[in-house]
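Work through the exercises below with the sequence and the model in view. Try each task before reading its solution.

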Amino acid sequence: MSLYKRLNDGSAETANGMGSGRRDPGLDELRHRVHTSLIEELGPILYDKRLSEDELRKKVHESLHTAIAMERTPLSAADKAQLIQDVSDDILGYGPIDKLLRDDDVSEIMCNGPKQIYVERGGKLTLDEVTFIDDMHLRRIIDKIVAQVGRRIDESSPLCDARLPDGSRVNAVISPLAVGGPFLTIRKFAADPLRIDDLIRFGTLSVHSARFLQACIVGALNVIVAGGTGTGKTTTLNVLSSFIPSDERIITVEDAKELQLIQDHVLSLETRPPNVEGKGEVSIRDLVKNTLRMRPDRIVVGECRSGEALDMLQAMNTGHDGSLTTLHANNPRDTLSRLETLVLMAGYDLPVRAIREQIASAVDMIVQLQRLRDGSRRITHITEVAGMEGDVITLQDVFLFDFSAGVDEAGRFKGSLKPTGVRPKFTQKLADHGIRLGPEMFSAQTEQPAPQQRGRR
């Protein structure tokens, strides 16, 4: 148990070495004094890019031992070691959540104020034992994260999207919007990005559907990855993007950089919030428009959530085949409805039929994800956008998740993604690119279920 937790639940020892059963504010005060002393002493050294991480850590630890030795407060060996670790984490890392960020089993960290920190492991939420000392402690860590990527968070701008150096997504909300303390949510990204083999092993998709998706990306189909919050859309988009041939020029557009493409010719664009005067904002829509002047072979938009959907459709319809994006929606039909709504948010009074014709012409396929009750993320639909019939966009499912297989004794879904037997119309377009899909790919009899394993998702 960390010093933070023991201080907060009153189980820390007092200065004379006897357990008091009450919180000792002297230890809180000591930790704050030592922290402040180190910041004043080290100052610019903490941001000196010429120092390696090991050299900086060595200097911090030396100064930390000196500062503690100068204090007159007696400490037990355990409390002293934990104090050194906690102050070191505050200065060099992200305080008490540092160990959670290093834990590969943790996929998301949710700080509901300083005293309540939930983590997601294997798709399940649990309350963790670590806590911050107070609101100001959590706020200092938020300020540190935000400053690293040139963003700001204050009373005039109390919401902020940012990222950690490894690409992990960060959202912070502070007072006056956050009632009950600052809120910090971190969605971790693995240092080693997941590959298609990992998704097959986790049961997210099957072998045949993986081969099919690879053919669709190489064949330059326009694909929308849809799903609810936390279903794995960005991870799936990253995996699909890895199939893009390495000799193509790829431009990614994101609110905060998360995609980790493995190709060499990748240009990453990131939005910019307004400054303190409310000026200088650069939106996703501005960046999508700008990509068209950068000679892209592929455009990958991290997420469409507003009027940029219209610009994305325009790009797909004007020779930028093979574009990819994500969208929040519960099923393929809802994806089309939401796409219509986003296009209308561009501010143009377009007739619904014109919007639907644009969508039917631009989008080739929808990959739908869902987070199931057992905590796993699965692709539940791979659906072709087949065209228009009257005023309705027609869809046909190429692969569907088999919910009829039921669940096992542990409550895990036994089903897998299976072909429906329907051969999509765009196979001819793929054939024109030299990609031929055999009939066995769409036959349910040849499909083998992927092994069910719990693990990193």
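**Exercise 1: the sheet**

β12 and β13 pair in the antiparallel sense over 7 bridges; two strands count as paired if DSSP finds at least two bridges between them. Helices (H or I, at least four residues) and strands (E, at least two) are DSSP runs, numbered from the N terminus. This is a predicted model, in which local features need pLDDT of at least 70 and side-chain atom pairs count only at pLDDT 80 or more, while totals for chains, interfaces and linings use all residues. Residues are numbered from 1 along each chain as its sequence is written, and side-chain values use heavy atoms, with hydrogens and water left out.

Solution. 

**Exercise 2: Glu340**

Task: locate Glu340, decide whether Glu340 is buried or exposed, and find its polar partner.

Solution. 
1. Helix α12 (residues 332-344) contains Glu340.
2. Its relative accessible area is 14%. Buried means under 20%, exposed over 50%, and partly exposed in between (1.4 Å probe, protein chains only). Glu340 is therefore buried.
3. The Glu340 side chain makes a polar contact with the side chain of Arg356 at 2.8 Å. Such a contact is a pair of N or O atoms within 3.5 Å; within protein, one must be able to donate a hydrogen and the other to accept it, and residues adjacent in sequence count only if both atoms are side-chain atoms.
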